[in-house]
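Welcome! Let us walk through this structure together, starting with its overall layout and ending with a few single residues.

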Amino acid sequence: MPEELWIAGAGGVGREALDTAIAAGVPVAGFLDDGAQGGTVRGLPVLAPDQLPPGSTYLIGIADPAVRLRLAALLDGLGGRPGTLVHPRAIVAPETELGPGCLVMGGAYVSSSVRIGAHSQVHYNATVGHDSVLGDRVTVYPGGNVSGSVLLEDGVTVGSNAVVLQGRKLGRAAFVGAAAVVTRDVEAGTVVVGSPARPLRTNG
């Protein structure tokens, strides 16, 4: 757990990351956000991302996986170190690995023998089942339910209250809409919605 943290992003997820840090007893130095630099958010100073003090620990509190990728490259290049943040009311089971920069919010449950990659987010009241593998910059939104032995490749997003059934594979940057139920594998870059989930479009 970091001694002091800079949160990249002063929007909704960034402020929820601050809530998580406060609950976990992790001091936050401030926010990094181009849009709010020079001001304060919840009483904390806001710097531009390229003003991260060298050697500082940071966590990216932004939902968009592509933005997380870009910011991580910038902040690492400035000598920053990604920190992992877990709410004390989250459950992370034994033999589970959390990569650098992960954010696990209150009420989340991450089951046994799960591997979660760098800069991924498990939001409040979301669940990740046993033996699942989440790549880098994966997002599981509030109430999302990832069943056991699921593979979510880099940049996948699981929407609020969506369900991914046992053993499914979701390709890189796939997006599952809110409340969808994924019963089949999802190709990379595909947006799926509904129950059972059906492709809506392919990104890029």
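The chain falls into two parts, domain 1 (5-83) and domain 2 (84-193), with bounds that come from an automatic or database domain assignment. What you see is a predicted model, in which local features need pLDDT of at least 70, side-chain atom pairs count only at pLDDT 80 or more, and totals for chains, interfaces and linings use all residues. Residues are numbered from 1 along each chain as its sequence is written, and side-chain values use heavy atoms, with hydrogens and water left out.

Domain 1 brings 21 residues to the contact and domain 2 brings 22, where contact means heavy atoms within 4.5 Å. The size of an interface is often given as the accessible area lost when the parts come together. Here domain 1 and domain 2 bury about 1600 Å² between them, with 66% of it on carbon and sulfur atoms; this buried area is the accessible area (1.4 Å probe) that two parts lose on being put together, summed over both. Of the area that domain 1 buries against domain 2, Thr20, Pro65 and Arg68 supply 32%, more than any other three residues.

Which elements give two or more residues to the side of domain 1 that touches domain 2? They are helix 1 (12-24), strand 5 (57-60) and helix 2 (65-77). Helices (H or I, at least four residues) and strands (E, at least two) are DSSP runs, numbered from the N terminus. Helix 1 provides the largest share of this side, 7 residues.

Finally, let us visit two loops. Ser111 sits in the loop between strand 11 (109-110) and strand 12 (115-116). Is Ser111 buried or exposed? Ser111 counts as buried because its relative accessibility is 13%, and buried means under 20% relative accessible area, exposed over 50%, partly exposed in between (1.4 Å probe, protein chains only). Leaving aside neighbours within four places in sequence, Ser111 is in contact with Ala93, Thr96, Val128, Gly129 and His130.

Gly35 lies in the loop between strand 2 (28-32) and strand 3 (40-41). With 77% relative accessibility, Gly35 counts as exposed. From C-alpha to C-alpha, Gly35 and Thr96 are 36 Å apart in space, and they are 61 residues apart in sequence.
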